[in-house]
Amino acid sequence: MAAIGTPAARSQNAAPVGDPAQLTDLGMELRPEQRAAGVALLARHASVDTHCHPGRFFLGHLTYETPGTRAFGEPFEERAIADLNAGNVSAALFAAVADMRLLQPTAQGIHAVQEYQPGEAYADYRRQIAELRALVAHHTVAEALNPSDIYSAQRRRRTAAVFAVEGGDFIEDRLDRVHEAFRDGVRCITIVHYHINQIGDIQTEAPVHGGLTPLGKSIVSEMNRTGIIVDLAHATFAVAKSVLEVSTKPVIISHTNLSTPEFSHPRLISAEHARLVASAGGIIGSWPSGVGQTTFADYIDSIRRLVDTVGVEHVAIGTDMDANFRPVLRSYRDWSLIPAALLARGMHEPDVAAVMGGNFLRVFKANLKPGVQG
């Protein structure tokens with residue numbers, strides 16, 4: 001979810017569908033044949049968005065109203081799914097927002113302004129899982145429980161949803177809820193978000209736990225055992241180090257970028273942080289936000305910077321679409337511009353295909369038990 005929940009963030013993501021050149025400020029030249037090369041690559045290779053909130057489905061059938069829910073407005077799942085399919089996105093991690101009820105956007109960022117009452121976090125998790133199940137039941141999207149489902153979606157040119165949850169608040173101290181989430185179809189949990197929960201500290205608030213909690217270590221181990229990917233987006237470096245001491249499976253940071261000498265932000269990570277995740281076989285999803293980027297060309301620079309720092313096999317794409325801050329990629333109808341620009345900048349097709357989806361598919365397979373590989 002967006003680093004800063006301002007009206008500017010909302011209005012840009014609500015732009016009407018139209019000419020891609022009008023939707024995304026490229027800040028670079030892409031000739032027609034270069035754009036066509038991006039489209040062609042997506043036809044040949046599966047692609048995956050490692051983190052998004054299509055149509056803000058997490059707002060569906062709300063039983064409460066908060067400043068945060070009012071700031072995001074009404075959900076628009078139908079248009080978002082149409083954009084995903086039109087952009088030929090093979091799969092995306094549709095992320096529920098575990099701490100939605102607690103959040104309030106301010107000019108300084110999103111903050112949790114209250115604590116959960118007993119049962120509230122779990123009830124909101126169940127509401128959002130019902131929204132995801134409804135998208136599948138209405139045949140709006142396919143469901144991806146394993147890599148085979150994603151390859152199948154790519155062949156049919158129909159986007160598949162990998163269920164995810166941003167924040168482990170709903171688990172509380174119940175390890176059985178990790179297994180329940182897997183049965184619900186959840187395949188990735190961002191263990192912390194904007195609320196300092198029972199698992200560990202977050203990047204955008206002063207530390208409370210000093211890293212990963214003892215309960216957090218148990219939750220990570222249970223996620224490994226169950227087959228749910230651990231996502232370290234929003235987690236501090238101390239939490240990341242502790243997780244990687246515990247985890248037996250590769251982890252991801254679904255949406256972030258590297259800090260640079262010219263620009264730093266709490267939601268960005270250091271080269272040391274990125275290399276730590278990569279050294280354990282994990283991946284980092286490059287994030288097309290307005291945090292340190294003003295044009296699409298800046299975003300391509302961020303992807304290439306990650307590739308140069310951790311190696312092409314550890315980079316992915318995580319858009320945070322439909323809940324992003326001043327996005328520099330503004331519609332899934334522009335998805336093919338990413339491979340087009342990477343190819344135009346000199347990357348070879350196998351490497352671009354790895355970034356667009358292959359690397360995530362490898363990590364997805366590594367986290368699942370052999371019997372559920374598909």
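Reader: What makes up the protein, in helices and strands?
Author: The protein has 14 helices and 11 strands, where helices (H or I, at least four residues) and strands (E, at least two) are DSSP runs numbered from the N terminus. This is a predicted model, in which local features need pLDDT of at least 70, side-chain atom pairs count only at pLDDT 80 or more, and totals for chains, interfaces and linings use all residues. Residues are numbered from 1 along each chain as its sequence is written, and side-chain values use heavy atoms, with hydrogens and water left out.

Reader: What share of the 374 residues counts as buried?
Author: Buried means under 20% relative accessible area, exposed over 50% and partly exposed in between, with a 1.4 Å probe and protein chains only; by that cut-off, 61% of the 374 residues count as buried.

Reader: Which residues of H8 and H9 meet?
Author: With contact meaning heavy atoms within 4.5 Å, Val178, His179 and Phe182 in H8 meet Ile219, Glu222, Met223 and Thr226 in H9. The axes of H8 (residues 176–183) and H9 (residues 214–226) come within 9 Å and cross at roughly 35°, the axes being lines fitted to C-alpha atoms over the stretch in contact, with angles from 0 to 180 degrees between N-to-C directions.
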